[in-house]
Amino acid sequence: MSFIADEISRQPGAWRTAAEIAAATGADLPQPGERVAVVGCGTSWFMAEAYAALREQAGQGETDVFAASLFPHGRRYDRVVAISRSGTTTEILDLLERQRGRTRTTALAASASTAVVDYADVTIELPFADEESIVQTLFATTALSVLRAGLGHDVRALADAAEPVLVEALPEQWLTVEQITFLGRDWAHGVAREAALKMREATQSWTEAYPSKEYRHGPNAIAAPGRLVWHFGPDVEGLAAEVGPTGAAFVNHAEDPQVDLIRVQRFAAALAAIRGLDPDRPRNLTRSVVLSS
Ligand code: F1P
């Protein structure tokens, strides 16, 4: 069994633990009314995007999201939340260093002994969600679960909903797919971007991701037989009827987008195996991007 397959399957248990951690560390999470920026790189950036949209939608305060390398240091925030599995990503450490003494900072990281602990005011450590695979699955959704639990979401119910998704059969037609476009509204756009990255990292696939309503503004030009359009969350835009005649398959599940993401993770692991790729050690990727200057 690959590491990624094991890590994908451990998500429900880790999400339940995440709910306990959120309850125990409540004050270290963003408080209602705070002006917050959430940052990350790669997968962690997309989890940051999902959380930022959910927090603002919940009326808990303005919540911006930035790739760590694009953080606008001239702006004032009450708190910066940095997500980083490794806790060693250069852009994250540089950002926290520059914010030291100016802004309260909370990091979420997988290891208790990692550099970010010395850079953030508080680090919420999630060692039970650390991973061997370079491609993130378990840590990403567990960090998001901690943050969602902090917003009052029922993360245990999400874990229950995830269990059957871990064992359902993947449709055969997915395994010969040529291209996939992932779509989502609001916070599900962050999940769509993560899904697209997952397929690129693990399977070297051509994938794209857009907000649902952007789909008609050009991305629909590539819809064709043998391709997929995957919509996270309810298809309130009625896109299924528009995709149908193009010959592309439209995929849409009823579950919460975080739960539906597990299907994409399993799809990525299965497609990697078919293509003779190692999803634990993908071409060109490293566990953490550590820059020398
Ligand atoms: C973030 C990240 C991963 C990516 C690659 C390099 O790392 O960009 O999302 O898949 O492995 O690192 P981190 O800051 O969350 O450790």
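**Entry 1: H3 and H5**

I began with handedness: H3 passes H5 in a right-handed crossing. For my own reference, a crossing is right-handed if the near helix is turned clockwise from the far one by less than a right angle, and left-handed if anticlockwise. The helix labels are DSSP runs numbered from the N terminus, with helices being H or I of at least four residues and strands being E of at least two.

Before going on, I noted the ground rules: this is a predicted model, local features need pLDDT of at least 70, side-chain atom pairs count only at pLDDT 80 or more, and totals for chains, interfaces and linings use all residues. Residues are numbered from 1 along each chain as its sequence is written, and side-chain values use heavy atoms, with hydrogens and water left out.

Two packed helices are described by the angle between their axes and the distance between the axes. For H3 and H5 (residues 138-150), I found an angle of about 20 degrees and axes 10 Å apart. That makes H3 roughly parallel to H5. The axes are lines fitted to C-alpha atoms, for helices over the stretch in contact, and angles run from 0 to 180 degrees between N-to-C directions. Angles under 35 degrees count as roughly parallel, over 145 as roughly antiparallel, 65 to 115 as roughly perpendicular and the rest as oblique.

Which residues make the contact between H3 and H5? I listed Thr43, Met47, Ala50, Tyr51 and Leu54 from H3, and Ala140, Thr141, Leu144, Leu147 and Arg148 from H5. Contact here means heavy atoms within 4.5 Å. Sorted by class, this contact of H3 with H5 holds 7 nonpolar, 2 polar and 1 charged residues. The classes put Ala, Val, Leu, Ile, Met, Phe, Trp, Tyr, Cys and Pro as nonpolar, Asp, Glu, Lys and Arg as charged, and the others, Gly among them, as polar.

**Entry 2: H3 and H7**

Next I took H3 (residues 43-57) with H7 (residues 188-203), whose axes come within 7 Å and cross at roughly 165 degrees. That makes H3 roughly antiparallel to H7. I noted a left-handed crossing for H3 passing H7. On the H3 side, the contact includes Trp45, Phe46 and Glu49, and on the H7 side it includes Arg193, Glu194 and Leu197. By class, I wrote down 6 nonpolar, 3 polar and 5 charged residues for H3 with H7.

**Entry 3: H2 and H5**

H2 packs on H5 at an angle of about 35 degrees, with the axes 8 Å apart. H2 passes H5 in a right-handed crossing. From H2 the contact takes Gln11, Ala14, Trp15, Ala18, Ala19 and Ala22, and among its H5 residues are Leu138, Val146 and Gly150. The count by class is 8 nonpolar, 5 polar and no charged residues.

**Entry 4: Arg85**

Is Arg85 buried or exposed? Arg85 is buried, with a relative accessible area of 2%; buried means under 20% relative accessible area, exposed over 50% and partly exposed in between, with a 1.4 Å probe and protein chains only. I placed Arg85 in the loop between strand S3 (79-83) and helix H4 (90-99). Its side chain reaches the backbone oxygen of Ser133 at 3.0 Å, and a polar atom of that side chain lies 2.9 Å from the backbone oxygen of Ile134. Leaving aside neighbours within four places in sequence, Arg85 is in contact with residues including Ser44, Asp130, Glu131 and Arg287.

**Entry 5: Glu237**

Glu237 sits in the loop between strand S8 (227-232) and helix H8 (239-243). I logged Glu237 as buried, at a relative accessible area of 16%. Not counting residues up to four places away in sequence, Glu237 touches Arg185, Ser212, Lys213 and Arg216. The side chains of Glu237 and Arg185 are joined by a polar contact of 3.3 Å. A polar contact is a pair of N or O atoms within 3.5 Å; within protein, one must be able to donate a hydrogen and the other to accept it, and residues adjacent in sequence count only if both atoms are side-chain atoms.

**Entry 6: Positive phi**

Most residues other than glycine have a negative phi. Asn284 has a positive phi of about 75 degrees although it is not a glycine. I found Asn284 in the segment after helix H9 (257-274), and at 73% relative accessibility Asn284 counts as exposed.
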